[in-house]
Amino acid sequence: MNEMQLSFPARSENEVFARNAVAAFALTLEPTLDELSDIKTAVSEAVTNCIVHAYRNAEGWVTIRCRAEGDRFDIEVCDEGRGIENIEEALQPFFTTQPSEERSGMGFTIMQTFMTEFAVASEAGAGTRVKMRKVLKRAEGA
Amino acid sequence: MTLKASRRGENLYIYLSGELDEHSVAEIRERADRIIDENAGLSRAVFNLAGLRFMDSTGIGFLIGRYKRLARYHMPMYLEEPEAGADKILSLSGLYSLMPKL
């Protein structure tokens, strides 16, 4: 078992760093290229949500915790931003609170589809925590 | 992110390369629209995604925005050569029904 934790300011230029850092850590589990791509995309979605929704481009910190064990890769993405008022609504495909900004409303749908397990907990005014798990399909004999 | 455009006959080709996310999309949104405006009147626009190493849902918003811009000029939009990751997102979001994959 191995773990890592990463904190960085909620600035959009850190999106590329965050997804590539998580992908680099996931490499110890020898994922396929498709699995790695799924992980990077899901992390990018979660971090983007922190920046554009939780903190609305204001100051704040994003924390990512990862845990690699056997064929399981767990990722937690947390912020201390404004929180999600209605989670059920936020999880609907194409739902967005910012339609004028060319937002697709597909972030949560992509996290749910690309990862094996997904959960989100949020408290108004206190922050949001997204938990995701990718169960890797190990090659025969690996 | 880089964006290059070329015109071949009645087709406008727009080549995207690099990593498309919330941060990098700002660099190319206005340029893409300017290129579309300058080429209004051509029969169609093809976005080539072969050089796009990464794309998240920001890409969906970006492509729909350009689709709407092209619609002003009655120019249909097409996508070609997406990488596996981008292809998965484009399929999942149903984008190919608006802008078919060539």
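## Report on a predicted two-chain model

Among the contacts in chain B between residues at least 6 apart in sequence, 75% join residues at least 24 apart. The model in which these contacts occur is a predicted one. In chain A, 65% of the contacts between residues at least 6 apart in sequence link residues at least 24 apart.

**Chains as a whole**

Chain A holds 4 helices and 5 strands, and its elements follow the order β-α-α-β-β-α-α-β-β from the N terminus on. Chain B holds 3 helices and 4 strands, arranged from the N terminus on as β-β-α-β-α-β-α. The table sets out overall values for each chain.

| Property | Chain | Value |
|---|---|---|
| Box of the C-alpha atoms along the principal axes | Chain A | roughly 50 × 30 × 25 Å |
| Box of the C-alpha atoms along the principal axes | Chain B | roughly 30 × 25 × 20 Å |
| Residues counted as buried | Chain A | 39% of 142 residues |
| Residues counted as buried | Chain B | 37% of 102 residues |

The radius of gyration of chain A is 15 Å, which agrees with the value near 14 Å that a compact globule of 142 residues would have.

**Helix α2 of chain A and its packing**

Helix α2(A) consists of 22 residues and spans 30 Å from its first C-alpha to its last, close to the 32 Å expected at 1.5 Å a residue. This helix is mostly covered, with 18 of its 22 residues buried. Just after α2(A), Arg56(A) adopts a positive phi of about 45°.

Helix α1 (residues 15-26) of chain A packs against helix α2 (residues 33-54) of chain A, the two axes coming within 9 Å and crossing at roughly 145°. The crossing of α1(A) and α2(A) is right-handed. On the α1(A) side, the contact is made by Glu15(A), Ala18(A), Arg19(A), Val22(A), Ala23(A) and Ala26(A). On the α2(A) side, the contributors are Leu36(A), Ile39(A), Lys40(A), Val43(A), Ser44(A), Val47(A) and Thr48(A). By class, this contact of α1(A) with α2(A) comprises 8 nonpolar, 2 polar and 3 charged residues.

**The interface between the chains**

Across the interface, 20 residues of chain A are in contact with 18 residues of chain B. On the side of chain A that touches chain B, at least two residues each are supplied by α1, α2 and α4 (107-114) of chain A. Helix α2(A) gives the largest share of that side, namely 9 residues. Divided by class, the residues of the side of chain A that touches chain B are 5 nonpolar, 8 polar and 7 charged.

**Ser7 in strand β1 of chain A**

Ser7(A) lies in strand β1 (residues 2-9) of chain A. Ser7(A) counts as exposed because it has 10 C-beta neighbours inside 10 Å, and the cut-off for an exposed residue is 12 or fewer. Leaving aside residues up to four places away in sequence, Ser7(A) touches Trp61(A), Val62(A) and Thr63(A). Ser7(A) and Gly60(A) are separated by 53 residues in sequence, while their C-alpha atoms are 10 Å apart in space.

Terms used. Residues numbered from 1 in each chain as written. Chains lettered and ligands numbered in written order. Predicted model: local features only at pLDDT ≥ 70, side-chain atom pairs only at ≥ 80, totals over all residues. Axes fitted to C-alpha atoms, helices over the stretch in contact; angles between N-to-C directions. Left-handed = near helix turned anticlockwise from the far one by under 90°. Contact = placed C-beta atoms within 7 Å. Nonpolar A, V, L, I, M, F, W, Y, C, P; charged D, E, K, R; others polar. Buried ≥ 20, exposed ≤ 12 C-beta atoms within 10 Å, placed from the backbone. Expected span 1.5 Å × (residues − 1). Rg over C-alpha atoms; globule rule 2.2 N^0.38 Å.
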